[in-house]
Amino acid sequence: MSLAKQCPSRIPRSGKAADQVNCFSTLIDDEERPYLLVTDMGDTHIQGKLWYQDQHRYAGIIRVQTPYAATLSLKIVHYIGPSEIEYSSASHFWLGELSRVPHLLLALRRIWAHLSRTLFNQRSQLEIDRDKLLEYVVDEYAVSGSTFDSGAVLTSMYNYRWYLHPGANSARKRTEYLLGSLAVTGDLQPTADYKYRVLPGAFKSLSEIQQSRQRHRQSMRIQGAIIFLTLGSLVAALIQAGVIQSPPILKADCHLEAGVAKDCTIRYRLFPNNVLERVIRKMRGD
């Protein structure tokens, strides 16, 4: 089956031509190294194109004895559009093609990729913040000391999908401005090839940013506590002034003898006016 629909020497992997691809490549590897591209298979021999490492391509025609080929690794690749399904053995190939499970998984991956790309493109703009950009380039490039530009940063942050985003040009310009701003403050160093390198001063700026965020969080917690206490004090004052009627929670029942309270019983009532009793009776159907 795989040899009946062999792929051409050059397989389109992009554009409209790639969408029409539906073929197989049967390969034999020698210890995970390319060895033979099978073009014909007989009872006693296997014919195919030999792999030339210096040219990085299969060329020529050779015949290999079947017993020798059986000691090597077989790999069958099904090219479907721009995607690929790889089988590691003949049994794996027949099981996959008969059950169609790999094709179902491939279809699900395509649907997920399409949804992800659609949702990504529906963003009004690519979110790029100066402080977050500094954090990202420090984490990504500071240790390695490698250089980067706006395109490399966006590709690392959003993968290659950002190229197809409607706001790709504005995102790239904004990233270039932000990188230039970080260079002015001494966090980045411009290079001769119009790229940037992280400087040690970026760690100091990053520490100041983190301290500022921590102070902001503490300030928000303090403001929340002040608002809660203020509202509590206001409610207590309104209850004390009689503006808000609050039912008593504790009630003391006492027996009076000669004007003196005796045999007092203190009752705790969380639900006033017998609310709890009425709820229980309703649940019981009384």
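## Starting in helix α6

Let's begin with T155, which is found in helix α6, residues 150-158. A quick note on naming: helices (H or I, at least four residues) and strands (E, at least two) are DSSP runs, numbered from the N terminus. This is a predicted model, where local features need pLDDT of at least 70 and side-chain atom pairs count only at pLDDT 80 or more, while totals for chains, interfaces and linings use all residues. Residues are numbered from 1 along each chain as its sequence is written, and side-chain values use heavy atoms, with hydrogens and water left out.

Is T155 buried or exposed? T155 is buried, because its relative accessible area is 16% (buried means under 20% relative accessible area, exposed over 50%, partly exposed in between, with a 1.4 Å probe and protein chains only). Leaving out residues up to four places away in sequence, T155 touches Y160, W162 and Y163 (contact means heavy atoms within 4.5 Å).

## Strands and hairpins

Now find strand β2 (residues 33-41) and strand β3 (residues 45-52), which pair in the antiparallel sense over 5 bridges. Two strands pair if DSSP finds at least two bridges between them. Across this pairing, M41 stands opposite I46 in β3. A hairpin of 3 residues joins β2 to β3.

β3 also pairs with strand β4 (residues 57-65), again in the antiparallel sense, over 7 bridges. Here L50 has A59 in β4 as its bridge partner. β3 and β4 form a hairpin with 4 residues between them. In that loop between β3 and β4 sits H56, with phi near 55°, a positive value in a residue other than glycine. H56 counts as exposed because its relative accessibility is 55%.

## Rings that pair up

How many aromatic pairs does a search of the whole structure find? The search finds 5 aromatic pairs. The rings of Y141 and F148 have their centres 4.4 Å apart and their planes at 20°, so this pair is stacked. For the cut-offs: rings of Phe, Tyr and Trp (its six-membered ring) pair if their centres lie within 6.5 Å, and planes under 30 degrees apart count as stacked, over 60 as edge-to-face and the rest as tilted. Y141 is buried, with a relative accessible area of 10%, and F148 is buried too, with 1%.

Elsewhere, ring pairs link F24, Y87, F93 and W94 into a cluster.

## Salt bridges

Time for some charged side chains. A search of the whole structure finds 5 salt bridges, each being a side-chain nitrogen of Lys or Arg within 4 Å of a carboxyl oxygen of Asp or Glu. In one of them, the side chains of E135 and R213 meet at 2.6 Å, N to O. This pair links distant parts of the chain: E135 lies in helix α5 (residues 130-141) and R213 in helix α8 (residues 201-241), 78 residues apart. E135 is buried at 19% relative accessible area, whereas R213 counts as partly exposed at 31%.

R172 forms a salt bridge with E176, and their closest N and O atoms are 3.9 Å apart. Both sit in helix α7 (residues 168-184), and because they are 4 residues apart there, about one helical turn separates them. R172 is partly exposed, with a relative accessible area of 31%, and E176 is partly exposed at 40%.

E97 and R100 also meet in a salt bridge, at 3.4 Å, N to O. E97 is buried, with a relative accessible area of 7%, while R100 counts as partly exposed at 41%. R100 sits in the loop between α3 (90-99) and α4. What is phi of R100 near? It is near 65°, a positive value in a residue other than glycine.

## A nonpolar patch

V101, L104, L105, L108, I111, W112 and L115 make a nonpolar surface patch of about 720 Å². Patches are made of residues with over 30% relative accessible area and no salt bridge: like charges are joined within 9 Å, nonpolar side chains (Val, Leu, Ile, Met, Phe, Trp, Tyr) within 5 Å. Accessible areas come from the Shrake-Rupley method with a 1.4 Å probe, and for residues only the protein chains shown count as cover.

L115 has its place in helix α4, residues 101-121. L115 counts as partly exposed, because its relative accessibility is 43%.
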